[in-house]
Amino acid sequence: MGGVSTVGDRADRVDRVPKQDRSRATRQRLLEAAVACLAEHGWAGSTVSVVAERAGVSRGAAQHHFPTREDLFTAAVEYVAEERSTALRALFPEGAAGDRRAVVSALVDLYTGPLFRAALHLWVAASNEDQLGPRVTELEARVGRETHRIAVDLLGVDESRPGARETVQGVLDMARGLGLANLLTDDAGRRERVVAQWGRLLDEALG
């Protein structure tokens with residue numbers, strides 16, 4: 001009879017929710033493992049099998065979620081980038097225009113961890129992999145736009161002012177450069193001095 005729920009129907013619904021939760025948890029483990037593998041081993045050493053083993057799932061389960069290697073790694077970098085963006089906003093829930101040095105420091109941190117290292121390996125691979133190139137180009141553009149929006153919000157920038165947009169972009173380019181320098185040596189000391197100077201420059205340029 002319409003509208004009547006049977007015991008079997010209820011059992012199916014109860015069973016379905018944990019399966020969905022497990023599926024989401026498996027997907028998240030794969031994404032985090034993919035970024036870690038890419039950061040540590042580069043593109044050549046980061047196969048689906050290696051990621052699946054690190055995530056503690058079968059290769060078949062990995063391919064159920066991500067049919068191709070390109071699917072897995074582009075999704076992984078995007079996922080972690082979104083997580084980092086959320087965390088960055090959470091550091092300054094009311095904005096931080098009054099402490100621009102702290103914002104610059106947080107932005108620089110985005111480019112000095114495993115995510116940046118993983119993304120860098122992905123960019124290098126994309127320059128040689130025809131299937132990967134367009135996807136990474138689109139991903140980088142999307143992540144770049146979001147990072148720029150966050151920087152504008154947190155720095156309290158009025159982009160209608162001449163040069164304001166370029167100033168924010170300069171901060172992000174500087175942060176990326178510091179991230180590259182940090183790949184080979186611990187650049188923390190020089191980085192702190194550069195961040196402090198950029199904080200002062202922003203206060204002068206943005207008022």
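**View 1. Helix 4 and helix 7 are roughly parallel to each other (an angle under 35 degrees).** In this predicted model, local features need pLDDT of at least 70 and side-chain atom pairs pLDDT 80 or more, while totals for chains, interfaces and linings use all residues. Residues are numbered from 1 along each chain, and side-chain values use heavy atoms, without hydrogens and water. Helices are DSSP runs of H or I, at least four residues, numbered from the N terminus. The axes of helix 4 and helix 7 (residues 133-155), lines fitted to C-alpha atoms over the stretch in contact, come within 11 Å and cross at roughly 0°, on a scale from 0 to 180 degrees between N-to-C directions. Contact means heavy atoms within 4.5 Å; among the residues making it are Thr74, Val77 and Ala81 of helix 4 and Leu139, Val143 and Ile150 of helix 7.

**View 2. Helix 4 covers residues 69-91.** Buried residues (under 20% relative accessible area, 1.4 Å probe, protein chains only) of helix 4 include Leu72, Phe73, Tyr79 and Leu88.

**View 3. The largest nonpolar core has 33 residues.** Such a core is a set of buried Ala, Val, Leu, Ile, Met, Phe, Trp, Tyr and Cys residues joined through side-chain atoms within 4.5 Å. Leu30, Val51, Leu72, Phe73 and Leu122 have the most contacts inside it. Leaving aside neighbours within four places in sequence, leucine 72 touches Leu30, Leu31, Ala34, Val48, Val51 and Phe66.

Methods:
Helix = DSSP H or I, 4+ residues; strand = E, 2+ residues; numbered from the N terminus. Expected span 1.5 Å × (residues − 1). Buried < 20%, exposed > 50% of the residue type's maximum accessible area, 1.4 Å probe, protein only. Parallel < 35°, antiparallel > 145°, perpendicular 65-115°, else oblique.
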